[in-house]
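Subject: Handing over a structure

Hello,

Here is the structure I promised to pass on to you. Please have a look at it first, and then read my notes below.

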Amino acid sequence: RRRTKFNACDFLTEYLFRNNPRFRDRSHVLLEDIPFVQEILAENPRPPLPLSLLLSDEEAATIIQSFYRGYLVRKQPEVQELREYQREMRSEAVDIFYKVEDFWKKHPIEDEEGETQRTDLN
């Protein structure tokens, strides 16, 4: 069975509130504007709707296709090689930062008067 955004309880609540014979001029009231519904939702907020109910079939198909195309590209050997290279470069960049930091700790900078300046890289 396909799920839909339609909530029968919400529909009945809104319908009965709008068409109550004791009260007039409620024809344009929305569910969120009904006072007792506002109180209930303040105490027990609803979870957000799942993405499957918010997207149309075309939008969902586009997202699935884009993820699949990305997977096809990422599994190519040349792209895997490039990603491995980038991963290694990132790990070496962290090592280089620590080496530079250690160097400046061992070799402090002196100003013109011969005073040692504090060197913080962070």
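A word on helices before we start: helices (H or I, at least four residues) and strands (E, at least two) are DSSP runs, numbered from the N terminus. Residues are numbered from 1 along each chain as its sequence is written, and side-chain values use heavy atoms, with hydrogens and water left out. This is a predicted model, in which local features need pLDDT of at least 70 and side-chain atom pairs count only at pLDDT 80 or more, while totals for chains, interfaces and linings use all residues.

On confidence, pLDDT is the predictor's confidence in each residue, from 0 to 100. The protein chain averages 85, and 88% of the residues score at least 70.

Let me begin with Arg18, which lies in helix α1. Arg18 is partly exposed because its relative accessibility is 29% (buried means under 20% relative accessible area, exposed over 50%, partly exposed in between, with a 1.4 Å probe and protein chains only). The side chain of Arg18 makes a polar contact with the side chain of Glu14 at 2.8 Å and reaches the backbone oxygen of Val29 at 2.9 Å. A polar contact here is a pair of N or O atoms within 3.5 Å; within protein, one must be able to donate a hydrogen and the other to accept it, and residues adjacent in sequence count only if both atoms are side-chain atoms. Arg18 and Val29 are eleven residues apart in sequence, with 6.8 Å from C-alpha to C-alpha.

Next comes Arg26, in the loop between α1 (8–18) and α2 (35–43). A polar atom of the Arg26 side chain lies 3.2 Å from the backbone oxygen of Phe17.

Rings of Phe, Tyr and Trp (its six-membered ring) pair if their centres lie within 6.5 Å; planes under 30 degrees apart count as stacked, over 60 as edge-to-face and the rest as tilted. The structure holds five such pairs. One of them joins Phe6 and Phe11, and is tilted because the planes stand at 50°, with the centres 5.9 Å apart. Phe17 and Phe36 form an edge-to-face pair, 6.3 Å centre to centre and 65° between the planes. Phe17 lies in helix α1 and Phe36 in helix α2, so this pair ties together parts 19 residues apart in sequence.

Best wishes
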